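Open the model in your viewer and keep the selection tool at hand. The stops below say what to select and what is there.

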Amino acid sequence: MDDTIDLHREVNAFFDAFVVAFSTFDGRQVARLYRAPFLAVQSDGSAVCFQTQAEVEAYFQMMVEDYSGKGCHSGRFDDLVVTPLGSQAVVASVTWHIGGVNGETLATWRESYNLVRLDGVLYVVASVDHAR
């Protein structure tokens, strides 16, 4: 099978797992998909680097609590674009849609992720929110 198709399927499965982790509203579950140090770049260009896995967990706990407090019930992604960076890394861009209890869209944005393969598993090491 074509390596590009296999990689796209692998990255799609990664984001499917992300949606499942997010739906738990448990920051530790989301953080398991990341490896410290992790760099988060916001759409305004500001950046935060989390040096430890505990910092990554705390960051995502804060994020899921914020989303939950705003009425978030679910998340989904589409428009996946995958760009290989050699054999052990990839840049993946997705559009996120965060939904409320009644299915309304609460937020939509585009984000790119630098993923690396460690021991055969993909992890996020950096993400960049796209400016509008």
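## Charged pairs

Start by selecting Asp 66 and Lys 70: their side chains meet in a salt bridge, with N and O 3.1 Å apart. A salt bridge here is a side-chain nitrogen of Lys or Arg within 4 Å of a carboxyl oxygen of Asp or Glu. Side chains of opposite charge can pair when their charged atoms come close. Asp 66 is partly exposed, with a relative accessible area of 37%, while Lys 70 is exposed at 58%. Buried means under 20% relative accessible area, exposed over 50%, and partly exposed in between, using a 1.4 Å probe and protein chains only.

This is a predicted model: local features need pLDDT of at least 70, side-chain atom pairs count only at pLDDT 80 or more, and totals for chains, interfaces and linings use all residues. Residues are numbered from 1 along each chain as its sequence is written, and side-chain values use heavy atoms, with hydrogens and water left out.

Next, select Arg 110 and Asp 79, whose side chains form a salt bridge at 3.5 Å, N to O. Arg 110 is in strand β5 and Asp 79 in strand β3 (residues 72-84), so the pair ties together parts 31 residues apart in sequence. Helices (H or I, at least four residues) and strands (E, at least two) are DSSP runs, numbered from the N terminus.

Now select Arg 117 and Glu 10, a salt bridge in which the closest N and O atoms are 2.4 Å apart. This pair links distant parts of the chain, with Arg 117 in strand β5 and Glu 10 in helix α1, 107 residues apart. Glu 10 is partly exposed, at 27% relative accessibility. The whole structure has five salt bridges.

## Helix α1

Which residues of α1 are buried? Select Leu 7, Val 11, Phe 14, Phe 15, Phe 18, Ala 21 and Phe 22. They cover an arc of only 110° around the axis, which puts them on the same side of α1; the arc is that of the directions from the helix axis to the C-beta atoms. Just after α1, select Phe 25, which takes a positive phi of about 55°.
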